[in-house]
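This report describes a structural model in terms of its chains, its secondary structure and its contacts. The sequence and the coordinates are shown first.

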Amino acid sequence: MAECPSAIPFGTLAGEHHLQVGGKCASLGTMSQAGLPVPPGFAITTRVFADARETSGVMPRIKELIDDIDDRDGAALARVAAAARDLVRSWPLPEVHESEIRRMYAELCELCDLDEVPVAVRSSATSEDSPDASFAGEHDSYLWVCGIDEVLDKVRACWASLYTDRAITYRNQMGYAHDEVDMAVAVQKMVRPRSAGVAFTLDPTNGDRSGICIDAAWGFGEGVVSGDVTPDNFLVDKVMWSISRRTISPKTHAHLLTEQGDGHRPVVTRVELDEDKANAPCLTDAEIVAIARLARVAEKHYGFAQDIEWAVDDDLPQGSDVVLLQARPETVWSKKKRDVGAKVDAMASIVDTLVNPLYSKRGTQPA
Amino acid sequence: MADRFPSPFEIETPAGAEGWRELYTYSSVFSEERRDYEDTGFWFHDGVHWPEAMTPWDTTFLEFAIASLSQYNTRHYLIPPAYGVDYRILNGYVYLSPVPAPEEEIEARVPHFMERAGFYFGNWDRLYDDWLVKIRALVQEMSDLTFEPLPEMEDLEVITSGAGVGSGNALLAGYHRLLDLGLTLWQYHFEFLNLGYAAYLDFFGFCKTAFPSIPDLAIAKMVAGVDVDLFRPDDELKRLARLAVSSGVDDRFGTGDVKDTWAKLHSDDVGQAWIAEWEKSAEPWFNFSTGSGFYHSDKIWIENIEVPVGYITDYIVKVKEGVDLDRPVAALHVERDRVVSEYRELLASDEDREAFDGKLGLSRTVFPYVENHNFYVEHWAHSVLWRKMKDLGAVLHGAGFIAEVNDVFMFKRSEVGEVLWDLYSAWAVGAPPRGPGYWPAEVERRRGIHQALKGWSAPPALGIPPEVVTEPFTVMLWGITSDSVSAWLNAGEGGEEGVLTGFAASPGLVEGPARVIFSADQVGEIQDGEILVAPLTAPSWAPVFGKIKATVTDVGGMMSHAAIVCREYGLPAVTGTAFGTKTITTGQILRVDGNTGKVTVIG
């Protein structure tokens with residue numbers, strides 16, 4: 001195997017490197033490879049972590065601190081953990097790695113046409129001895145990180161989060177050695193959605209598997225998910241890719257980014273929209289079809305009907321601005337059997353069609 | 001919303017059209033004798049086939065067609081819920097009314113239908129092959145008809161052969177023969193069509209049950225053929241355009257009128273070789289009407305060669321620009337297979353997939369007839385019959401009965417027998433006929449009435465709409481559904497301003513300037529990049545589909561010619577808007593959404 005790179009963009013993150021990038025990055029890489037456009041970014045591999053750790057020479061000291069601690073003694077644990085984190089945050093970053101990370105962040109800025117693109121810096125822990133360990137939620141993540149210096153700082157902060165009180169306790173409980181866990185880091189663009197929402201790979205009103213149903217509103221998808229905004233609704237045929245139903249709703253509110261007064265870190269606020277904006281469709285036809293295609297790819301990738309969250313991110317170039325935020329299996333209709341149960345005998349079926357024509361059933365449907 | 005359309009008995013005669021009823025068969029007009037029946041029915045204007053006011057003789061094929069359609073439903077196959085379609089002429093326009101079978105008869109009709117229709121479905125390919133032979137023989141018989149002026153003296157041959165009958169007999173018999181062949185043609189037309197639609201509707205219903213939101217055009221796409229005779233005339237034009245370029249005679253086109261082009265082509269061997277190829281294409285493929293084929297005034301390519309030669313001239317320009325004129329047949333096959341396999345995969349069970357395969361298979365078996373019959377009947381055979389009627393008109397014109405050849409169409413079909421009798425018997429006697437003194441003035445009076453009727457705007461429907469439209473052929477052939485009926489009732493009553501709705505007949509969304517066209521004569525006005533708005537389109541307009549961005553029609557459904565051709569050309573189409581040509585004016589900017597069937601005037 002070729003030597004593991006310092007950092008790998010999600011779009012080219014192949015399976016051979018999954019062990020060096022941790023579960024979270026591997027999953028982002030898999031989705032990108034499957035044609036599911038997650039927000040762009042890159043993985044900083046465990047090689048960087050390992051090289052920095054070795055170069056620092058402080059591991060014996062950290063090991064000594066932690067091995068002796070009784071994790072039931074909260075105060076002692078907190079003291080030791082803080083000391084260990086301070087040590088990690090002082091690790092020097094070997095030049096070869098730092099320049100590579102700088103380059104990748106610069107490319108991300110260029111893609112988004114921004115000087116300092118806001119990113120999320122997330123821990124992505126892994127263990128060669130226990131490749132299936134998830135470490136879900138055990139380590140820290142940082143949102144709205146702007147500029148390369150802050151990114152490099154937060155990378156060390158992620159590494160250091162191996163030594164939070166709860167991470168140490170977790171490893172003790174699960175029986176992992178403290179030096180067995182390596183830390184990769186995901187650097188991923190923060191989505192700044194013009195519009196966002198959810199999509200089902202079937203029509204939730206009737207279980208029609210040929211339709212992809214999209215709910216969409218201005219700004220972040222919180223309003224759509226929580227139901228505090230009446231979204232626009234679109235139905236797209238997943239074979240013809242035509243929009244077979246569209247309902248534009250008065251989207252009176254939107255969840256939008258606002259800068260907080262005291263710091264530069266933005267927050268999402270629910271704001272009222274003027275009437276024109278509220279009644280305008282929040283997606284173009286091309287975006288509607290792009291979202292539907294994305295949902296269909298997710299459905300095919302996972303092999304089940306999906307319920308996805310998506311966003312249209314204006315920072316990204318047109319044509320690749322629809323991103324997938326989350327995908328999970330649809331659970332309501334997928335469990336129901338939905339046969340037509342048509343007569344297989346052709347003549348009997350034709351008689352049935354003629355005597356009970358379809359249009360008599362749908363004659364009074366609203367336009 | 002109004003709950004009914006005007007009564008046919010409330011409709012007033014347009015000024016100047018008084019006496020119009022006498023121009024049509026006595027049984028085809030609304031009348032007091034049947035008022036109870038007529039006034040409780042639902043009648044819709046058939047603008048798909050007969051968009052304009054009819055001259056008297058032209059109603060012949062209308063009557064033949066509707067009676068034949070009805071006969072197969074009612075008497076041959078016993079379509080369980082449907083009798084035929086009744087028809088009336090009002091102010092020169094055609095109104096139709098589907099007649100349901102009485103509720104109590106439906107069950108008893110079922111076993112007969114299964115046996116009779118089952119026989120046709122079970123032997124379809126053989127019977128269709130036979131049909132193609134029958135229809136060609138019939139057209140040949142029509143072509144063999146001759147109408148000649150009566151001679152001063154019978155040929156000696158008539159005497160020496162012991163024929164025993166003369167030219168007058170032949171003239172009278174020839175007209176009767178023309179009518180017989182015409183009715184036979186229409187019997188043949190409906191031998192397969194109703195069953196073809198029934199099989200298609202069964203597949204359609206299955207797809208709509210499995211996938212309630214499946215676009216109608218997706219179903220059409222799965223069934224439709226790629227190599228269809230209806231596209232053949234256009235393909236022949238392209239072939240001739242390519243030949244003109246490759247053989248170097250292309251510079252003889254588009255420089256003067258068609259006579260000039262023809263003279264230049266005749267001037268040398270290579271030009272004559274091109275004309276020989278033209279003649280191969282022309283019979284039968286240029287027996288192609290620029291209209292629905294139901295009007296004597298429809299231009300037929302082979303008789304108006306400036307039309308096809310004009311299209312060839314346009315195609316020559318494109319060939320020289322290196323444009324690929326071929327329809328992407330291979331890609332269309334691939335796309336059809338993709339659509340089929342993806343929907344099939346989405347079905348819930350193997351049992352459903354088995355039913356889907358069976359129904360799709362039967363639909364594809366029957367569809368070549370559905371797609372191809374139109375060329376043979378409305379275009380080819382009708383072209384011949386119109387030509388023969390014009391020959392007959394020339395005889396009457398020569399005898400002084402009418403001022404112009406086409407005035408023969410101002411006679412009712414039954415009157416033509418009387419007129420010929422007048423001509424014949426006067427010729428036999430050697431005394432003057434009454435006709436030359438009587439008919440020219442009468443034809444002139446009728447022409448005035450017809451002119452007044454042409455200016456009248458036919459309402460889309462009359463009478464009391466059914467609660468739901470269930471008659472399957474009404475839905476398939478005319479695109480009339482409960483939804484379109486309620487849209488008509490709503491028209492002008494607070495519907496969305498500047499928005500028309502119709503069938504989403506071919507997908508896509510475009511914006512562009514409107515070009516409103518009322519007849520084939522105006523087709524030349526269409527400019528590149530315009531949106532065609534017309535009462536309906538004819539298949540022979542195919543070459544203009546290379547110029548326009550989208551099509552909007554007043555009438556027609558998913559299976560109308562405009563819908564089929566637009567899908568083929570990949571243009572958005574909204575059909576059956578009812579009011580497109582009435583509310584849109586040339587130059588307005590439209591947004592045509594072929595995905596949803598919505599047309600919006602945006603500027």
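The sections below treat the model, chain A, one of its helices, a sheet of chain B and the interface.

## Basis of the model

The model is predicted: local features require pLDDT of at least 70, side-chain atom pairs count only at pLDDT 80 or more, and totals for chains, interfaces and linings use all residues. Residues are numbered from 1 along each chain as its sequence is written, while chains are lettered from A and ligands numbered from 1 in the order in which they are written.

## Chain A overall

Chain A contains 12 helices and 13 strands; these are DSSP runs numbered from the N terminus, helices being H or I of at least four residues and strands E of at least two. Its C-alpha trace spans about 85 × 50 × 45 Å along the principal axes.

Of its 367 residues, 43% count as buried, meaning that 20 or more other C-beta atoms lie within 10 Å of the residue's own, whereas exposed means 12 or fewer and partly exposed lies in between, with C-beta atoms placed from the backbone.

## Helix 4 of chain A

Helix 4 of chain A (residues 74-89) has 16 residues and reaches 22 Å from its first C-alpha to its last, close to the 22 Å expected at 1.5 Å a residue; the expected span is 1.5 Å times one less than the number of residues.

Its buried residues are A:Leu77, A:Val80, A:Ala81, A:Ala84, A:Arg85 and A:Val88. They cover an arc of only 140° around the axis, which puts them on the same side of helix 4 of chain A; the arc is that of the directions from the helix axis to the C-beta atoms. On the other side of this helix, A:Ala75, A:Ala78 and A:Asp86 are exposed.

## A sheet in chain B

Chain B has an open sheet of 8 strands in the order 5-12-11-7-8-9-10-6, with mixed pairing; two strands pair if DSSP finds at least two bridges between them. Strand 5 (499-501) and strand 6 (503-506) of chain B stand at the edges with a single partner strand each, so one side of each is left without a neighbour in the sheet.

Strand 11 (residues 589-593) and strand 12 (residues 598-601) of chain B run antiparallel and are joined by 4 bridges. B:Val592 stands opposite B:Val599 in strand 12 of chain B.

## The interface

In total, 37 residues of chain A are in contact with 50 residues of chain B, contact meaning C-beta atoms, placed from the backbone, within 7 Å. The largest share of the side of chain A that touches chain B, 8 residues, comes from helix 11 of chain A.

Conventions
Two residues are in contact if their C-beta atoms, placed from the backbone, lie within 7 Å.
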